[in-house]
Amino acid sequence: MDRRSFLKIIGAGTVAGALNPLQLASCTNTKGSGGTRFRQLDPLDFDVAVVGAGAAGIPAAIAAARGGARVVLIEEDTVPGGAPVDMYVTFVCGDPRVGIFNDMMQELNRRYPLKGTPISGFGKYGWTGNYHFWLPSAFQTVVCEMLAREENITLMCGATVIDTLTHDAGNRTKVEGVRILRGYNTLQDIRAKITVDATGTGLVAAQAGCEFMYGREARSDYNESVGIEKGDSQPQHCTLMYITQRLRRDARLPFDKIPRWDALEADFRWIDAKDDPQAMERRDAGIFLRWGQSVVCPDTLDSIAIAEAHGEILRKIQPELDALHDAGFGVHLAPKLGVRECRRIKGETVITYDHIAQGTMPDDKIADARYSIDSWGLKDLPVHLKQVPPYGIPYRAVVPLATEGLLLAGRIISGTHIAASSYRVQPICAAIGEAVGTAAAMLAEKKIPVREIDLRKLQAALDAKGLFDVYKNSDNH
Ligand SMILES: Cc1cc2nc3c(=O)[nH]c(=O)nc-3n(C[C@H](O)[C@H](O)[C@H](O)COP(=O)(O)OP(=O)(O)OC[C@H]3O[C@@H](n4cnc5c(N)ncnc54)[C@H](O)[C@@H]3O)c2cc1C
């Protein structure tokens, strides 16, 4: 990264981030509900506000910026990246790997392959037939640099959205931006013509009063041909990911102590206890990504319940870590517990199992998708469909009911629990994000309601970026 780009990241946080004297002069003190005093900074105005710099939010912000919008990308962590950076979800599954996401994958392969040299024949669409993962720091560097190259993006990290700015517009609630908490007692309103909720939790939409789904629906709720008879509030299980690394040349993975291996070699394939340890030592890079242990979090809307689940899993996983250490391996545990599922916001349509199983390509398609139905930890669902055909994500699934000025991106879009278990993976979240960012720039430019977008024009713009290319020729991935 050159010095100018570096300054732009820091500077973005500084321009929009630090207290300049003018802003300080106009700070007001506000009485919080608990009697706490808050400082309120002057509001900032943008065309598009994207909340969440994860798999969906990053391409959403970049696409909106390239569409000519002045964009703010708001992230509560101190760096962008989301799941690969802080939950160590550094593996990508599902298709298509297109557009901005594919650019990121190609750059990861070129600069940071764990093999040490770029993977030859890394497919046009990021698929070689082998599996790959990259280090969290590689994701962090690549996404920081990608964002710094975009003149129209102000990146605000360390900013937690705590509320949504709304006003009552008759039968719909108009979303006009978000309120952030910066520091411990400073509030600021970020106003935007279009707000994109890419939080992975659906917080922005929920604060705007949107209806949301949580846990598993009964199959009759959305007329699905499979599913459970009676809905419950069970989201997918959470997993603590880790990366383990050989410290001694002769170290062998302790297959006898850790019987079940959901792990990936640096640059090759899944491993299991049947693997010949000596062959592995000769071949591999000595570094493995492992889906550590999973835990049931009873309420992924509650940060304290998540923290308790994290504590529980740390206790559960300790014997495994000790076994690895005794066998000559070091372990890098992900800093955050991997939470797969939170709110799904109800939109103008709800994507169902049957939409996916039938490979539906809706008339208002904005993204292609393909990944198995994979509800982690909840295999008691009477379905685990591996052979999923390509299907389309409808625009109506990113438009939440009863609101104006708000779009959804990523895993929170409108779909049932079973459907979401397929489109939740990173390439699909990113394709949705890029489409939503493109739409947001068009809407902001024309100042039109989200339901009045020119869908054909949007689809033509997405097609021109190559986002629909993969399934035009089915052997192309
Ligand atoms: C354990 C685990 C394993 C997985 N395995 C795979 C896999 O192998 N392959 C694969 O492709 N996918 C995998 N996934 C799924 C994938 O990582 C996620 O579904 C995907 O990252 C969702 O993208 P998103 O952009 O919707 O949300 P996220 O990636 O979660 O991004 C949301 C961002 O919003 C920020 N944010 C949230 N709230 C606020 C707020 N109030 N204010 C400001 N910022 C906020 C968050 O900090 C985060 O950076 C896995 C997920 C988990 C948890």
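In α5, the residues Ile-100, Asp-103, Met-104, Glu-107, Leu-108 and Arg-111 meet Ala-138, Phe-139, Thr-141, Val-142, Val-143, Glu-145 and Met-146 in α6, contact meaning heavy atoms within 4.5 Å. This contact of α5 with α6 involves 8 nonpolar, 1 polar and 4 charged residues; Ala, Val, Leu, Ile, Met, Phe, Trp, Tyr, Cys and Pro count as nonpolar, Asp, Glu, Lys and Arg as charged, and the others, Gly among them, as polar. Helices (H or I, at least four residues) are DSSP runs numbered from the N terminus.

The model is predicted: local features need pLDDT of at least 70 and side-chain atom pairs count only at pLDDT 80 or more, whereas totals for chains, interfaces and linings use all residues. Residues are numbered from 1 along each chain as its sequence is written, and side-chain values use heavy atoms, with hydrogens and water left out.

**Helix packing**

| Pair | Residues | Axis angle | Axis distance |
|---|---|---|---|
| α5 and α6 | 99–111 and 136–148 | about 130° | 10 Å |
| α12 and α13 | 426–446 and 455–464 | roughly 130° | within 10 Å |

Axes are lines fitted to C-alpha atoms over the stretch in contact, and angles run from 0 to 180 degrees between N-to-C directions. The α5 and α6 crossing is right-handed, the near helix being turned clockwise from the far one by less than a right angle.

α12 and α13 are likewise oblique to each other, and their crossing is right-handed. Here Glu-434, Ala-435, Thr-438, Ala-439, Met-442 and Lys-446 of α12 meet Lys-457, Leu-458, Ala-461 and Leu-462 of α13. The residues of that contact comprise 6 nonpolar, 1 polar and 3 charged.

The structure holds 4 cavities of 30 Å³ or more, a cavity being a set of points on a 1 Å grid where a 1.4 Å probe fits but cannot get out. The largest cavity contains about 130 Å³ of space. Its lining has 16 residues, of which Ala-55, Ile-58, Phe-101, Met-104 and Val-143 are the closest to its centre; lining residues have an atom within 4 Å of a point. At least two lining residues come from each of α3 (57–66), α4 (83–86), α5, α6 and α12, and α6 provides the largest share, 4 residues. The lining divides into 12 nonpolar, 4 polar and no charged residues.

Technical notes:
1 Å grid on protein atoms, 1.4 Å probe; cavity = no way out; pocket = protein on both sides within 12 Å on 5 of 7 lines; lining within 4 Å. Points joined across faces, edges and corners; volume = space filled by probe spheres on them. Parallel < 35°, antiparallel > 145°, perpendicular 65-115°, else oblique.
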